[in-house]
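Please read this briefing beside the sequence and the model.

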Amino acid sequence: MSQTVHITAVVTVAAEHAAAAEQAFAACVVSSRKEEACRQYVISRDMEKAGRFVANEIWASAAGFEAHLASPHFKVLGEVLAKCGAQAEIMKVHPLDEAADAA
């Protein structure tokens, strides 16, 4: 069984805060991708609803994911999103293709 951690998150801010959130996400992407445990870190902007973003992340381990959450750049992102009144749904997911490969 894989020890990787897969995260999918949907983050929504009011449309008037979309530009600030996007800038904060962009800065966090650059630093997050440099983390040793980072396997994938993609933040996408919803093309149909201003202020909605989707994060898809893969971390090599639970410890690597926890280190990411404690990183200075992630904390800055959290502060900006809090100021923007962000709502977030964060899911730890298990890709079905990995389950099929393990069977």
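The notes below describe a predicted model, topic by topic.

Because the model is predicted, local features need pLDDT of at least 70 and side-chain atom pairs count only at pLDDT 80 or more, whereas totals for chains, interfaces and linings use all residues. Residues are numbered from 1 along each chain as its sequence is written, and side-chain values use heavy atoms, with hydrogens and water left out. Helices (H or I, at least four residues) and strands (E, at least two) are DSSP runs, numbered from the N terminus.

**Strand pairing**

- Strand 2 (residues 38-45) pairs with strand 3 (residues 52-59) in the antiparallel sense over seven bridges, where pairing requires that DSSP finds at least two bridges between two strands.
- Within this pair, Val 42 stands opposite Asn 56 of strand 3, and Cys 38 stands opposite Trp 59 of strand 3.

**Helix packing**

- Helix 1 (residues 18-32) packs on helix 3 (residues 72-83) at an angle of about 170 degrees, with the axes 9 Å apart; axes are lines fitted to C-alpha atoms over the stretch in contact, and angles run from 0 to 180 degrees between N-to-C directions.
- Helix 1 and helix 3 are therefore roughly antiparallel to each other, a term that applies to angles over 145 degrees.
- The contact (heavy atoms within 4.5 Å) involves residues including Ala 24, Phe 25 and Cys 28 of helix 1 and Phe 74, Leu 77 and Leu 81 of helix 3.
- By class, the residues of this contact are nine nonpolar, three polar and no charged, with Ala, Val, Leu, Ile, Met, Phe, Trp, Tyr, Cys and Pro counted as nonpolar, Asp, Glu, Lys and Arg as charged, and the others, Gly among them, as polar.

**Largest pocket**

- The largest pocket has a volume of about 260 Å³; on a 1 Å grid over the protein atoms alone, a pocket is an open set of points where a 1.4 Å probe fits, with protein on both sides within 12 Å along at least five of seven lines.
- Of its 17 lining residues, those closest to the centre are Ala 9, Val 11, Glu 57, Phe 74 and Ile 90, a lining residue being one with an atom within 4 Å of a point.
- Helix 3 gives the largest share of the lining, four residues, and the lining as a whole has 14 nonpolar, two polar and one charged residues.

Note on methods
Angles under 35 degrees count as roughly parallel, over 145 as roughly antiparallel, 65 to 115 as roughly perpendicular and the rest as oblique. Grid points are joined across faces, edges and corners, and a volume is the space filled by probe spheres set on the points.
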